[in-house]
Every structure is written in structure tokens, then in C-alpha cells.
Amino acid sequence: MQIKGLLTIAALSASAIATAEVVSQNTMCRIEISGSEGQSNLIIAVPLNAAGGGNVKITDLVMTDNLEENDALIANVGGTYYSWVIKGGVWTAATTTDGDKEITSGDDAKAALSVGTGAWLVRKTPTNAAYLYGQVPTSGSKTTTMGLGTAEAPKYTLIGNPTTAAKAINGITWANANEGDQIAVPGTNGKAQTYIRRGPTAGGEAKWCKYVKGSGYVATEAKIAPGCGFWYISYGGTVAPTATW
Amino acid sequence: MKKLALMLTAVFASIAALAVPGYVIFSSEGPDQYADGTTVLDGEVYALVWTANETFGGLTATGEPVVAGDKVIGMAATAKDGRCTPVVYMLTGDNEVVGGNFFVYLLDTRVKTVAADGTVVTNVAGLNGDGKLTAVNAVQSIAEPGIATSTVAAAGTVNGAGSVATAAPVDAPMPRITAIEVVGAKVVVTVVDTLPCLQYGITAGKTPSVLDQKDLIDGLNGVAGGEIKLVIDDPAENRFFKVIRK
């Protein structure tokens with residue numbers, strides 16, 4: 001029998017197989033709240049979305065890891081304070097009192113906060129770090145708008161770092177920040193570090209400055225850590241100030 | 001390097017200018033191994049494929065040829081005691097071929113699911129009752145230099161190519177994380193839009209753009225129309241993570 005056909009066995013080249021990448025549409029993130037270890041009353045930021053997208057419920061954002069019974073979350077939603085406490089290891093809606101009015105926080109919608117919002121985490125014994133979990137927002141830059149106040153009636157706006165990275169205060173794009181406005185960032189000893197908007201003593205355009213004895217006002221190189229919130233205090237101007245991160 | 005020997009005998013009843021009726025017999029001496037270095041499990045599938053080209057275009061995760069014109073001559077769940085027991089494939093009917101090249105592969109059809117008690121169970125899916133595959137994670141060449149050939153067929157140069165992941169179906173959806181919760185030192189990630197033929201794992205990294213820790217978990221097969229829960233240890237400094245196909 002004459003056989004002309006050749007039966008060839010050869011190996012598969014790795015490059016011969018096309019493999020389509022299968023990867024989730026969304027990216028999740030864990031953020032250790034800077035300064036959470038050792039501070040009982042901490043301003044936190046909402047830098048993440050809910051898993052699957054949309055505003056995250058603060059009770060999903062703040063993990064109960066390292067927290068204790070009766071530790072609390074407080075959020076100001078539309079001018080009203082809502083609160084949640086840990087009961088049985090999970091966040092449970094609590095009641096806030098406003099004068100003689102009791103406000104319950106049972107509605108999940110009240111717990112959903114947009115990226116850039118600030119809130120409070122109150123802990124009894126903050127011996128370990130606290131964490132945030134959620135989905136990394138897909139949108140690019142985030143602009144936060146602050147309330148507009150006057151010298152007689154300053155306007156306090158609680159905001160937070162809306163990103164997953166530390167941001168230099170003077171690296172953020174500020175618009176309509178009035179000279180004399182202040183920002184108060186939680187410090188390491190339970191005290192806020194205040195920065196004022198003005199030209200440095202050495203001259204130059206307006207920056208966020210810190211007063212240093214002997215040097216006058218010095219542009220700060222401080223950063224807002226991921227997961228951290230702070231106060232913006234408006235003392236004047238005609239247009240609401242904004243921060244683009 | 002794994003020690004494999006492939007005995008191949010091809011017998012043809014007519015000259016090659018015509019269709020080539022005949023059959024192919026092959027087996028391996030073993031131990032054959034998966035890409036992770038473990039010995040092939042009993043019931044695992046070997047495949048004989050053919051292509052008119054120099055190289056075979058690969059298989060999808062459901063065992064279909066990636067390239068039009070390539071053929072899967074046959075698949076047999078013949079792994080036993082770490083080797084391929086003798087298999088005979090008839091080259092008739094739809095499997096009649098002229099010229100071209102044959103390749104023999106060990107398929108990795110292990111499916112990982114979660115049992116009622118929460119443990120991960122690994123089973124060889126093998127072949128369904130209809131002779132088709134449920135899931136193929138990777139294909140492993142079992143051909144190596146030194147293959148014995150019959151007097152009627154010549155083996156070409158053979159290189160051990162190792163394992164290659166199968167191609168995901170073209171219409172495979174991108175999985176979506178719908179929930180995340182921390183239970184003790186573990187993070188539980190709920191995932192939807194998965195396929196049973198693919199295994200899913202988690203990759204993590206220090207920044208969203210560099211997710212270079214790709215082996216955080218062993219992976220689980222997807223569920224059609226359902227959800228799976230992937231459990232990882234706390235990712236520590238690798239705080240950004242996504243779900244990927246393993």
C-alpha cells in the first residue's frame with residue numbers, strides 16, 4: 001500500500017490561540033481611612049460608588065471591621081442629620097433628635113450619598129484603622145460645589161476627597177475661592193488644621209496657606225488623604241466656590 | 001519537563017491525493033499533567049484536532065474550533081491513572097481530511113463549584129451525555145519529540161507547547177460585581193453575568209490601572225443566569241481589584 005499523505009503531529013504555538021479578555025466591568029476598592037486609628041470623631045469622605053454603580057449607602061461604604069457595638073455614623077442629607085449605630089455587628093438605623101422632633105434613619109435612600117460627600121464616623125475605642133469599600137467611579141474629574149457665605153454669616157460645607165488617592169490641597173483646582181475663606185482638615189490629635197485662602201507672605205497668587213510663626217503665611221503642601229473629609233468655610237464672594245479634583 | 005510519550009499510528013487506505021479514509025490510534029505513557037503541574041484526573045478528555053494550516057487555531061471554552069475550517073476529529077474521556085488509554089478515531093465521513101496537520105491535546109475540563117458546606121469542589125466535567133463539552137479551561141499539548149510513528153505516517157517536528165487557555169466565546173459577557181462584603185478576614189465579592197464554561201478569579205493591585213496580582217484565588221466556574229461569590233483574603237495594600245477569567 002502506498003501512502004503519500006503525511007500525518008503530522010505538531011504542537012500548538014501559544015500564539016495560535018486567540019483568547020478574548022474577560023474582565024469585570026467595574027473595579028472595586030478598599031480605602032484605609034487615614035487618621036482613623038486613634039481618632040474617635042472623624043470626618044470621612046465618600047470616594048466610591050455602590051457595587052454595581054450609583055450612590056453608595058454609607059452603611060455599605062463603611063465596613064464594620066475593627067469597629068465596635070454602638071460606634072456610629074452620622075450624615076447630613078439635605079440639611080437633616082441621620083445616624084446609624086452598630087448593633088449585633090451590623091449598621092442599624094438610629095434615631096436623631098432635632099429639638100423635640102425625632103428623625104429616624106430607617107429609609108435606605110437616606111443613607112445613599114454621592115461621591116464627594118462628607119460624613120462622621122464616631123468610635124468608642126479607635127485602636128485600629130477603619131475601612132471603606134466600594135466601586136471605583138468611572139467618571140473622570142469630580143467637581144464639588146460649596147455654599148456661599150458672608151463675613152457675618154459664614155457658610156460651612158462638609159465635603160470629602162472624592163478620589164482614591166491623596167490630593168495636595170494646592171493641587172486641586174479651586175474656582176471662586178474667596179480670599180479669607182478657610183478649610184479645616186481633621187488633624188492627628190483630634191484638632192482641625194485650618195488653612196486660609198490668601199497670598200503667601202512671600203508674595204504670589206492666592207494659595208491655601210498656613211500661618212507659621214516667624215515666616216508669616218506659607219503656602220501649604222498638605223494633602224487630603226483618600227477617605228478623608230473636611231470643612232470648607234466661605235466668608236464671602238459672589239459666586240459659589242468649587243473644587244475640581 | 002513532563003515525561004510523555006505518544007504512540008501514534010495512522011493507517012490510510014488510499015493515496016493522499018484523495019480523501020484519506022483510515023484511523024488514528026494514540027495513547028500516552030503518562031503521567032500527563034495539567035498546566036498547574038498536577039496529574040491528570042481520571043475521566044479527563046483528550047482531543048484529536050486537524051487543520052489544513054501549519055498550526056491549529058485553538059479551541060473555545062466550549063470545545064469549538066476558533067478558526068473556521070479547523071476540525072475536532074474526536075474527543076474521548078479516556079484519562080485513567082494519569083495517562084491516556086488507547087483511543088481510536090475513524091477518519092471517515094465528516095472527519096475525512098486531506099493533508100494538513102493533526103494535533104493531540106489534553107483538555108483541562110475541571111469545574112470548580114461551591115458545595116453546600118461552603119467548600120470548593122473540583123470535578124472533571126469530561127463529556128456530557130451528548131458527547132459535548134461543558135467547559136474547557138485550557139488545552140495542553142501532549143506531543144513531544146521522539147514520538148513513535150507508524151510505517152505509513154511520518155511525524156513532523158514536535159515541540160512541547162505547554163498549556164494554552166481556551167478562547168472565551170465571542171459573545172461572552174463581561175462579568176459585573178454587584179455586591180461586596182467583609183466577613184472577618186475575608187472579602188466576599190458577588191458576581192453576575194458569568195458563564196459556566198469559564199472560571200473566574202480576582203486580580204488586584206496598588207492602583208486601578210496596575211492590577212498585577214492575578215492569583216489571589218483558585219477561581220470558580222460561572223453560573224448561567226445566576227451569581228457566584230468569590231472569596232478572597234483581605235487584599236491588604238493591593239486595594240483595587242477586578243474579576244477576571246482565570
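## A look at chain B, with a strand trio in chain A

Buried residues (under 20% relative accessible area, with exposed over 50% and partly exposed in between, using a 1.4 Å probe and protein chains only) make up 48% of the 246 residues in chain B. This is a predicted model, in which local features need pLDDT of at least 70 and side-chain atom pairs count only at pLDDT 80 or more, while totals for chains, interfaces and linings use all residues. Residues are numbered from 1 along each chain as its sequence is written, chains are lettered from A and ligands numbered from 1 in the order in which they are written, and side-chain values use heavy atoms, leaving out hydrogens and water.

Let us start with confidence. The predictor gives the complex an ipTM of 0.73 and a pTM of 0.73. For pLDDT, the predictor's confidence in each residue from 0 to 100, chain B has a mean of 76, and 82% of its residues reach 70 or more. Contact here means heavy atoms within 4.5 Å.

Now for the fold of chain B. Its secondary structure comes to 0 helices and 18 strands, where helices (H or I, at least four residues) and strands (E, at least two) are DSSP runs numbered from the N terminus. Of the contacts in chain B between residues at least 6 apart in sequence, 67% join residues at least 24 apart. The accessible surface, from the Shrake-Rupley method with a 1.4 Å probe and, for residues, only the protein chains shown as cover, is about 10600 Å² for chain B, with 55% belonging to carbon and sulfur atoms.

One residue worth a visit is B:K229, in strand β17 (residues 227–233) of chain B. B:K229 counts as partly exposed because its relative accessibility is 39%. Leaving aside residues up to four places away in sequence, B:K229 touches B:V188, B:V189, B:T190 and B:L220. With B:T190, the contact is also polar (a pair of N or O atoms within 3.5 Å; within protein, one must be able to donate a hydrogen and the other to accept it, and residues adjacent in sequence count only if both atoms are side-chain atoms): the two side chains meet at 2.9 Å.

Over in chain A, strands pair if DSSP finds at least two bridges between them. Strand β16 (residues 182–186) pairs in the antiparallel sense with strand β17 (residues 192–198) over 5 bridges, and A:P186 has A:A192 as its bridge partner. β16(A) also pairs in the antiparallel sense with strand β21 (residues 229–234), over 3 bridges.
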